[in-house]
Amino acid sequence: MAKVHPLLLTSLDSSSSTTSSSSSSSSCTTSKKETFTIWMKSLLMQGNGCTVYNENGDIVYRIDNYDQKNSNEVYLMDLRGKVLFTILRKKLSVIQKWEGYESNGSKSNGDKPLFQVRKGCKVFGKDLSCKIAVKSDNGQAVYYRLEGLAGKSALRIIDSEGKLVAEAKRKQLSSGVVLGDDVLTMVMETQMDHSLIMALVTVYGLIRRKI
């Protein structure tokens, strides 16, 4: 199995990739599909988290979890450390729920979450399916579903009509070499908020105890 050094991630397949200037923004939507590399590692020594690169090899998102993996509070940041989402985990009986607040917001401050992810009872060996509710500009909820395969890093995010809006798989180089299960290629469809999708991927990483 091929291993990845942090410095090499910035050049993986970059010679065959192009991207629009808007993809360097922390939160944006574009008129074409965008591809990102997700490395389930923090750039900080002995830290938990993940680092996300765009098609040019630039870091666009990062999570540096100073606590233990599967923390109850995680921050999705841009390269400069600006907090884009605060993600909090709640536990209601057998139901696990994660709430995503824009920037440094939180429930204790009276803010309302931009999104909620609900996961039912955990059944060993079963595939993962979570319900996602995202607050739209008009205040109404837009629903998605997050799906993951048992024992694998792959995941999909599907809208209420069954349309695929984002998908992540283990990264495969143009040479055919498949990288470790902590390095993923994420493809986002058009008109999707990149930072929101990455916040949802963060929840997936917390569920799978990868972050």
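Is Arg62 buried or exposed? Arg62 is buried, because its relative accessible area is 18% and the cut-off for burial is under 20%. This is a predicted model, and the chain averages a pLDDT of 81.

**Confidence in the model**

- A pLDDT of at least 70 is reached by 76% of the residues, and the chain average is 81.
- Residues 1-8 have a pLDDT below 50. Beyond near neighbours in sequence, this stretch makes 12 contacts in the model.
- Residues 14-25 also have a pLDDT below 50. For this stretch the model shows 20 contacts beyond near neighbours in sequence.
- Where pLDDT is low, predicted coordinates should not be read in detail.

**Salt bridges**

- The structure contains 7 salt bridges.
- One of them pairs the side chains of Arg62 and Asp64, with an N to O distance of 2.2 Å.
- Asp64 is buried, since its relative accessible area of 9% falls under the 20% cut-off.
- Arg145 counts as partly exposed because its relative accessibility is 33%, which lies between the 20% and 50% limits. Arg156, at 35%, is likewise partly exposed.
- Through shared partners, the salt bridges join Arg145, Glu147 and Arg156 into one network.

**Thr202 in helix α1**

- Thr202 sits in helix α1, which spans residues 194-207.
- Thr202 has a relative accessibility of 1% and therefore counts as buried, the limit being under 20%.
- Leaving aside neighbours within four places in sequence, Thr202 is in contact with Ile63, Val74, Leu76, Ile87 and Ile211.

**The cavity**

- Rolling a probe the size of a water molecule over the atoms shows where empty space is left.
- A search of the whole structure finds 1 cavity of 30 Å³ or more. The largest cavity holds about 40 Å³ of space.
- The residues that line the largest cavity are Met40, Lys152, Ser153, Asp181, Leu184, Tyr204, Arg208 and Lys210.
- By class, this lining is made up of 4 charged, 3 nonpolar and 1 polar residues.

**The second largest pocket**

- The second largest pocket contains about 410 Å³ of space.
- This pocket is lined by 19 residues, and those closest to its centre are Leu114, Val134, Lys135, Asp193 and Leu196.
- Strands β5 (83-92), β8 (128-135) and β9 (141-148), together with helix α1, are the elements that each give two or more residues to the lining.
- The largest share of the lining comes from β5, with 3 residues.
- By class, the lining of the second largest pocket has 9 nonpolar, 5 polar and 5 charged residues.

How values were computed
Residues are numbered from 1 along each chain as its sequence is written. This is a predicted model: local features need pLDDT of at least 70, side-chain atom pairs count only at pLDDT 80 or more; totals for chains, interfaces and linings use all residues. Side-chain values use heavy atoms; hydrogens and water are left out. On a 1 Å grid over the protein atoms alone, a cavity is a set of points where a 1.4 Å probe fits but cannot get out, and a pocket is an open set with protein on both sides within 12 Å along at least five of seven lines; lining residues have an atom within 4 Å of a point. Grid points are joined across faces, edges and corners, and a volume is the space filled by probe spheres set on the points. Ala, Val, Leu, Ile, Met, Phe, Trp, Tyr, Cys and Pro count as nonpolar, Asp, Glu, Lys and Arg as charged, and the others, Gly among them, as polar. pLDDT is the predictor's confidence in each residue, from 0 to 100. Contact means heavy atoms within 4.5 Å. A salt bridge is a side-chain nitrogen of Lys or Arg within 4 Å of a carboxyl oxygen of Asp or Glu. Buried means under 20% relative accessible area, exposed over 50%, partly exposed in between (1.4 Å probe, protein chains only). Helices (H or I, at least four residues) and strands (E, at least two) are DSSP runs, numbered from the N terminus.
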